[in-house]
Amino acid sequence: MRPLLPPRSPSRAAPAPIPPGWEITSAEVTHSLARTFQNAAGDDGDALAAVYARLFVWDLDLRRDLQRGDKVDVAWRKDGRGDIEVIAARLHSGKLGRTVAAYRWQAPGDAFTSYWQEDGTEVPFRLKEAPLQDYEQITSLLKDRPSHAGMDFKTPVGTPVLSPRPGKITRVNWNWAANGNCVEVQYADGGLAKFLHLSENRVEEGTAVNAGDVIALSGNTGRSTAPHLHYQVEKGGKVVDPLDYHGTVRRRVEGASLQALMQETSRMDAILGQALASR
Ligand SMILES: [Zn+2]
């Protein structure tokens with residue numbers, strides 16, 4: 001039986017109660033990440049492993065870098081669609097010789113939550129020149145699967161889509177069945193960018209655009225199962241990774257924002273600690 005928990009807000013040392021609706025999964029890695037989560041979370045294991053690996057993809061390739069004896073802790077729940085939503089995740093990594101963590105938190109001024117480390121560093125990298133000012137999360141990277149040529153950004157229908165670089169609109173709405181409303185921009189350096197599944201185009205073929213100009217609103221048209229923007233770049237007829245093409249930055253928060261973040265991470269650690277204590 002689980003002991004009664006103090007109702008007060010916890011310190012790092014005192015485990016906190018697990019809020020209703022949350023699941024805590026903690027496990028020691030025995031085989032692959034997928035097997036570890038299948039054993040620990042049953043039917044939800046595969047989905048949880050995928051979401052977990054995505055969180056740490058910026059620093060680690062968990063197919064290669066995970067070691068027997070590593071420990072994983074995740075606090076998660078299912079959203080209204082049944083998708084797994086991770087609230088906090090930790091990995092005690094033998095390879096790195098330390099614990100890495102990702103905490104869901106909304107930075108002041110941001111429209112959406114993201115994942116952050118305790119030291120104020122955002123976990124996901126951002127494009128230096130991006131097609132969206134803000135988005136919920138990146139749901140697909142080029143390296144995820146060779147059959148998918150772009151980066152996917154989860155974002156509500158109607159989010160302004162910007163041209164990250166100056167160029168000229170070369171096509172709109174080709175192959176509608178697959179792409180839905182779509183816009184193609186030829187950048188000045190020869191790069192060819194495609195923006196797919198839009199709700200509305202704001203430009204016509206032949207229009208010149210500057211960096212930051214709104215060219216469309218994001219949507220869920222064509223072969224798309226949830227609102228998102230598919231952003232693809234080609235150069236010399238070959239698909240290139242937008243992360244390489246545009247370059248990346250990693251944001252940091254400081255001062256009062258960092259204090260707020262640290263308060264949240266210690267609250268999460270206390271919740272994850274509760275799971276460990278009751279194991
Ligand atoms: Zn896509």
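Residues are numbered from 1 along each chain as its sequence is written, and side-chain values use heavy atoms, with hydrogens and water left out. Because the model is predicted, local features need pLDDT of at least 70 and side-chain atom pairs count only at pLDDT 80 or more, whereas totals for chains, interfaces and linings use all residues.

**Exercise 1. The zinc site**

Find the protein donors of the zinc ion and work out why their arrangement is irregular.

Step 1. Look for donors, that is, N, O and S atoms within 2.8 Å of the metal (3.2 Å for Na, K and Ca); water is not among the atoms, so sites may look incomplete.

Step 2. Check the angles. Four donors count as tetrahedral if all angles lie between 85 and 135 degrees; four count as square planar and six as octahedral if opposite donors are over 155 degrees apart and all others between 65 and 115; anything else is irregular. Here the four donor atoms subtend angles of 52 to 157 degrees, so the arrangement is irregular.

Step 3. Read the spacing of the donor residues in sequence: H-x3-D-x77-H. Aspartate 152 belongs to strand 8 (residues 151-154) and histidine 230 to strand 15 (residues 228-235), so this pair ties together parts that are 78 residues apart in sequence. Helices (H or I, at least four residues) and strands (E, at least two) are DSSP runs, numbered from the N terminus.

Step 4. Check burial, where buried means under 20% relative accessible area, exposed over 50% and partly exposed in between (1.4 Å probe, protein chains only). Aspartate 152 counts as buried because its relative accessibility is 9%, and histidine 230 is buried too, at 6%.

**Exercise 2. The buried side of helix 1**

List the buried residues of helix 1 and say what covers them.

Step 1. In helix 1 (residues 33-41), the buried residues are Leu33, Thr36, Phe37 and Ala41. They span an arc of only 100 degrees around the axis (taken from the directions from the helix axis to the C-beta atoms), so they sit on the same side of helix 1.

Step 2. Their cover includes strand 1 (23-28), helix 2 (45-56), helix 3 (62-65) and strand 2 (71-78).

Step 3. Zoom in on phenylalanine 37, which is buried at 0% relative accessibility. Contact means heavy atoms within 4.5 Å. Leaving aside neighbours within four places in sequence, phenylalanine 37 touches residues including Leu48, Tyr52, Val72 and Val74.

Step 4. Move to the end of the helix: glycine 42 follows helix 1 and has a positive phi, near 60 degrees.

**Exercise 3. Strand 12**

Decide whether strand 12 is enclosed or open, and find its partners.

Step 1. Strand 12 (residues 192-201) has seven of its 10 residues buried, so it is largely enclosed by the rest of the structure.

Step 2. Its antiparallel partners include strand 11 (residues 181-187), through five bridges, and strand 14 (residues 214-218), through three.

Step 3. Strand 15 also pairs with strand 12, over five bridges.

**Exercise 4. Positive phi**

Which residues other than glycine have a positive phi?

Step 1. One of them is asparagine 173, with phi about 50 degrees. Asparagine 173 lies in the loop between strand 10 (167-172) and helix 4 (176-179) and is partly exposed, at 32% relative accessibility.

Step 2. Another is histidine 197, with phi near 65 degrees. Histidine 197 lies in strand 12 and is buried, at 5%.

Key. Pairing = 2+ DSSP bridges.
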